[in-house]
Amino acid sequence: MSGFVEELANRDEAVERVSYALSFPWYSEEENVSLGDAFGRRLARDIRSPESFPPFSRSLRDGYAVLSDDVVGASPSAPVFLDLGEEVPMGQCPAFRLGIREASLIHTGGVLPVGSDAVVMLEDVEASVGLVEIRASVQAGENVMPEGEELLAGAVVGRRGDLLDHRALGLLAALGISRVPCLRVTVGIISTGDEVVDMAVEKLPPGCIRDANSWFLSALLRKEGFYPVSFGIVSDKEEDLSEAIASAQTQCDVLLVSGGSSVSIRDHVSQIFSKVPSPGLLVRGLNLSPGKPTLLAGSLNPRKLLLGLPGHPLSCAIVALAVLKPLLLRLVGSEETQASSIMEAGADIFGRAGLEEFLPGAVRSGRAVPLTAKSGFVGALRSATHLIRLPQNTETIRKGEEVELWPL
Ligand SMILES: Nc1nc2c(c(=O)[nH]1)N[C@H]1C(S)=C(S)[C@@H](COP(=O)(O)OP(=O)(O)OC[C@H]3O[C@@H](n4cnc5c(N)ncnc54)[C@H](O)[C@@H]3O)O[C@H]1N2
Ligand code: MOO
């Protein structure tokens, strides 16, 4: 029996305690990954841009490159006439310099010719043979993106621990970064419970339940840039579970055990985690609902982080989002923080004093409402858009008062 009840820790403090005791961040070996395979991975270290962007001063509009001083005061009623210079070729640097009181046809993205400092948009120009009638003045730099305006060569364009998503890949591609140093943090998953069976069993045996948690955890880990490995379903026998945990640990950096973390005589995770080498079992139960029976342990030699997550699917999911994810971010040294917002409650929300609570929620008519859910529900997050967080000292939030939301 775990007996965690008297020793509940606050969630933030628990994350802090574990990160400190295990000396996060850890550096696992980096893999040199091609940009095409880097989507969804996390950066192993800061990376700097080898080039400035843009690599040359370029036009943001179709129009005419001019020297702004030449078109001061130009308007439809008082146009300025300039000589027609050479057209700027695309994909090349113009081999000419803009002559005195000249305008050169330039296309969006073209290289600004030497001697020009702005672009007059095509709509404000009338070109005739040899002459260009400019009907609008422009300031120096107008309709132009100067070389290095967005970033200079050497600028940090990715931080250690950053998740490489669509936004990052577009940037890295623009800078010619074709290989990326990536982390591979392996997270093992064990589901335990005599009643838990593989999701693929055709006919569910009486009294059994399909393993949902390892699928949820695996998908969340992949989405967050970690590398899940499933070690299957293990019985409630202490020897079986102990053996499975010992063997799985050798193959991963982090090990998750879903189920068996509570106080029943069939719940052995706490007992097994208490034998983990120093610093060992660090947290035995959280001041969190759902998610109270959470166990956090780890060793420094070898470097391992172990989590016991509650078996109830919603509890397991909340612990994964609110405890596992921040721990993994700390482990890889990411600066990412939890996104949250404040919104008016669309209904009374009842909390319990002394417990931090997370409720699946949705936004209806611009207000946050909790969805009906129990910790044993499997699909509660499917229809939720947010988690409603009630801090530990919040009991009831009345309709119209503000609540904190975490986007899902
Ligand atoms: N007397 C008490 N009983 C319970 C307490 C308590 O304080 N005193 N805590 C409750 C809370 S809170 C939770 S949460 C659960 C968690 O218990 P365990 O972590 O030991 O989880 P299990 O008993 O193994 O399973 C709970 C529940 O979830 C189902 N389950 C387990 N694994 C999976 C899986 N991989 N996929 C889908 N469903 C799974 C399992 O069949 C059980 O129904 O304990 C309360 N009890
Ligand atoms: O704390 Mo349990 O995780 O409420 O269902």
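1. Let's start with β2, which pairs with strand β13 (residues 179-183) in the antiparallel sense over 2 bridges. Here strands pair if DSSP finds at least two bridges between them; strands (E, at least two residues) and helices (H or I, at least four) are DSSP runs, numbered from the N terminus. Arginine 42 sits opposite leucine 183 in β13.

2. A word on what you're looking at: this is a predicted model, where local features need pLDDT of at least 70, side-chain atom pairs count only at pLDDT 80 or more, and totals for chains, interfaces and linings use all residues. Residues are numbered from 1 along each chain as its sequence is written, while chains are lettered from A and ligands numbered from 1 in the order in which they are written.

3. Back to that sheet: it is open, with 3 strands in the order β1-β13-β2 and antiparallel pairing. β1 (30-34) and β2 (42-43) each have a single partner strand, so one side of each has no neighbour in the sheet.

4. There's also a hairpin: β9 and β10, with 2 residues between them. Glycine 130 in the turn has a positive phi of about 75°. Strand β9 (residues 125-128) and strand β10 (residues 131-134) pair in the antiparallel sense over 4 bridges, and valine 125 stands opposite isoleucine 134.

5. On to ligand 1. Of the 26 residues around it (C-beta, placed from the backbone, within 6 Å), Asn213, Gly259, Ser262, Pro310 and Gly311 come nearest. α3 (213-223) and α6 (313-332) are the elements giving two or more residues to this shell.

6. Around ligand 2 you'll find residues including Ser289, Lys292, Pro310 and Ser375.
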